[in-house]
There are 2 protein chains.
Amino acid sequence: MSLRETVSNPYSKWLDASGPESDVIISSRVRIARNLVGYPFPHLLGYDNADKILYAVQSAIESAAIKEIVGQLELSRMTELSPTERQILVEKHLISPDMLEQPEKRGVVLSADEVIDIMINEEDHLRIQCLLPGLQLKECWDLANKVDDGMEQILDFAFAEDMGYLTSCPTNVGTGLRASVMLHLPALVMTQQINSILTTLSKLGLTVRGLYGEGTQATGNLFQVSNQVTLGLTEDEIIDNLIMVAKQLVTQERTARLALYKEQQYPIEDRVWRAYGLLKYARSITSTDTMNLLSDMRLGVDLNIIPNIPRGLIMELIVMTRPAFLNKLKGEDLNPAQRDIFRATLIREKLNSLS
Amino acid sequence: MSLRETVSNPYSKWLDASGPESDVIISSRVRIARNLVGYPFPHLLGYDNADKILYAVQSAIESAAIKEIVGQLELSRMTELSPTERQILVEKHLISPDMLEQPEKRGVVLSADEVIDIMINEEDHLRIQCLLPGLQLKECWDLANKVDDGMEQILDFAFAEDMGYLTSCPTNVGTGLRASVMLHLPALVMTQQINSILTTLSKLGLTVRGLYGEGTQATGNLFQVSNQVTLGLTEDEIIDNLIMVAKQLVTQERTARLALYKEQQYPIEDRVWRAYGLLKYARSITSTDTMNLLSDMRLGVDLNIIPNIPRGLIMELIVMTRPAFLNKLKGEDLNPAQRDIFRATLIREKLNSLS
C-alpha cells in the first residue's frame, strides 16, 4: 500500500480500540525530537537545507539497519500529497497542523499500520512518533527508541553532554521526549469530577487537550494527557509517571461509570440509546454533535448497554467523519451543509451494516 | 364490550386517521347542549334531581326509538368508573375535566365506537357529541341531530320560540351547537405563519385551543378550532362556515408543507428521522416530548419520508401515552419518572412491532 492509499484509509492501528485498558484509554503515543548536526533548526532552514534533510532521512529509511530493526517505512514529501490528503494526516493525528505551512520543506514517514510516524522539518528536523491503541506507553517508547537507534546509525543527531538532545524549543531539550495518552472520560465529565482532576493533572506538570484542537477539550469527552517537562527526568521516569497517572484515571473513570449507572440506570440508558437512535437515523449532523453522540454510544458499549458494536468502529467513525476525510471519500470539496448530510449518510451506512 | 372495556382501549373511531383530508384534519366534532324542562341547570342541581336526569337518560337510550335510530348505547355513572378510568375518558376527549367534579351527579353515554358520546349533568343536562375522523362535520351534525331527535321523543327539552334551545351558559343559547375540527399544522408552525392565522381565526369568531388544555396550543402542533357564537346563525350556517375555514387551513398547511420540503429537504428529512430515531430508542420520555416527536414523525409519514407507519398508530400513541392511560395499562399508579420509562417502552414496542 502506498502512503497515499494509507492516508485515505480510515484505519490506523491506534484507532482499533485494542490494547490494555481500552475501555478508557484510546491510545498511547511517544514522540522524540531529534535534530541533525550542521543544519539550522527548521524555522531558520532554507529550501536547500530542508531538501538535504529530506534526502538524508530518505536514505536512512532505505538503509539495511532501519529495515532490519523496524521494517518497511515510506517517506512522502508534503508536496506529493493533495491538500485534502495533507488535511487527512492532521485528522488522523499523524502530523500537526503546522506541517501544512511551507509544504515544500516538509515530509512525513509512515509505516503501513501508521504505528511509526516521523514528521520531517516540523519544529525539529525529525519528530519520531509511535502510536499504539490502549495503554501501551512502554511499547511505544521501546519502538520509538528502536527507530531512533536505527536512524542514529545513519544520521548524526545534535547532542550536548550536559543538556541531552538539542531541540528547537527549549521545553523539549533533554530527553526530547513527549509521551501522551488519549482517554475517553464521559463519566468523569457527567459527574463533574473532571475539573478538579484537570487542575490536579496540571499541578503534576501534565498538559491536557482535546482530541481536535486545544480549545475543544470536552468534545466527545476525549482528553489527551501529556508530559510537559522533558528536562531533569529520565525517559523511563517520564513514561512511568504517565503510566501511573493514566492507570489512576482509568480507575477513577471506571468507578464513576459504575456509580453513575447504578444510581441513574434509566437516564444513562436513555442517553445512550437516544445517541444511538440519532446516529442511526439523522440525515444531517455536525462534526461536534457526531463526536458527542459517539461518546455517549461508546459509553453504552462499554457498559454493555448496547451490544454488538465494535469499539474500533466508533473511533473509525470519529476519524472518517472529519471534514477532509469526507471530501476524500466523496471525491469532491463539500461545503459545510453538504458535509453534514454526507457525514450522516456514512454513519447510517456503517451502523446499518452491523445489524 | 362494556363501557369500562371501551374506555380501556386506546382505539376510538375518531383516532383512526381515516376520513377526508385526514393528512391535516385529525377529527371533527359536533356538540349540542340540551336541558330538560322542569329541572334547574346542573350547577344548581341537587343530588335527587341529578339522579332523576340520569334515570331519564337511561330510559331514553333503552327506548325503541333510540335503538332504531342510532343503535346500542351504554350509560355509565361516573361513580361506576375508577378515578383512572374517568381520567382516561378525559384523555380520549370523551368528557371534559369538569366531569371529574361531583361524580355522584354525573354520567356518560357512549356508543361502542365512541362516535356518539353524551355527557350528563356537565354544564347542561345533556351534551350530545359526535366525533368522527377527518373532515366530517356534516356527518357529525347529521348524526348528532338523529340522536337529538331520538332523545326528544322521550325527553322534554327546554326551548323558547324566540331564543331556541335554552342552555346553562348564554354563549350556547340558540342552536346550542358547538362544532370543532382538530388539525395537525406542523408546517404552518415551522414557517411561523400560524400566529397571523390564529389572529384571523379569532376575528372570524372562532376559538383555537390545543389538544390537551387551553394553554398548550403548540404541543404536538395540534390545534382545535371551534365556533364561538351559537346565536343568530342556523346550525347549517355554523357547520358550513367551519367547513370552509377548515378547508382553507388544509390548503394552507399543504402548501406550506410542500414549500418547506422543497426548500429545506434535508433539514426536514433530518428532523423527521431524528424524531423517529428518538421515539424508537429512547428509554425515558416525557409526554410533551412525545407529542412533539410524534408530530414530526407524522409530518414525515404525510410527506412520504417515512414509509409503513399507519397514521392511526400515531394518534393511538398520543392517547395511550397520557398519564391515566399508562396507569391503566400498567395496572398501578406510576410516579412521573416511572411513567416516562413506561411511556418510552410502549412506544418502542409499538414501533418495533411494525418492522
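How many residue pairs are in polar contact between chain A and chain B? The count is 8, with both residues of each pair at pLDDT 80 or more. The model is a predicted one.

The contact between the chains involves 15 residues of chain A and 15 residues of chain B. Together, chain A and chain B bury about 1,600 Å². Carbon and sulfur atoms account for 68% of that area. In chain A, the most area is lost to chain B by A:Arg274, A:Tyr281 and A:Arg283. These residues together make up 40% of what the chain A side buries. Helix α9 of chain A, residues 265-281, gives the most to the side that touches chain B. Its share is 10 residues. By class, the side of chain A that touches chain B has 8 nonpolar, 2 polar and 5 charged residues.

A:Arg274 illustrates the contact between the chains. This residue lies in helix α9 of chain A. Which residues does A:Arg274 contact, leaving aside its neighbours within four places in sequence? They are B:Leu278, B:Tyr281, B:Ala282, B:Ser284 and B:Ile285. Within chain A, A:Arg274 and A:Leu293 are 19 residues apart in sequence. Their C-alpha atoms are 8.6 Å apart in space.

The arrangement of the two chains was examined next.

Chain A itself is divided by the domain assignment. Domain 1 covers 3-254, and domain 2 covers 264-352. The contact between them takes 28 residues from domain 1 of chain A and 24 residues from domain 2 of chain A. The C-alpha centres of the two domains lie 27 Å apart. How much area is buried between domain 1 of chain A and domain 2 of chain A? The value is about 2,200 Å², of which carbon and sulfur atoms give 68%.

Polar links also cross the domain interface. The rule finds 9 residue pairs in polar contact there, both residues at pLDDT 80 or more. The count of salt bridges between domain 1 of chain A and domain 2 of chain A is 1. A salt bridge joins the side chains of A:Lys328 and A:Glu85, at 2.8 Å from N to O. On the side of domain 1 of chain A that touches domain 2, the elements giving two or more residues are α1 (3-8), α4 (83-91) and α6 (186-190). The largest share of that side comes from α4(A), with 5 residues. By class, that side of domain 1 of chain A has 14 nonpolar, 9 polar and 5 charged residues.

Key: Residues numbered from 1 in each chain as written. Chains lettered and ligands numbered in written order. Predicted model: local features only at pLDDT ≥ 70, side-chain atom pairs only at ≥ 80, totals over all residues. Heavy atoms only, no water. Domains from an automatic or database assignment. Contact = heavy atoms within 4.5 Å. Buried area = accessible area lost by both parts, 1.4 Å probe. Salt bridge = Lys/Arg side-chain N within 4 Å of Asp/Glu carboxyl O. Polar contact = N/O pair within 3.5 Å; in protein donor to acceptor, adjacent residues only side chain to side chain. Helix = DSSP H or I, 4+ residues; strand = E, 2+ residues; numbered from the N terminus. Nonpolar A, V, L, I, M, F, W, Y, C, P; charged D, E, K, R; others polar.
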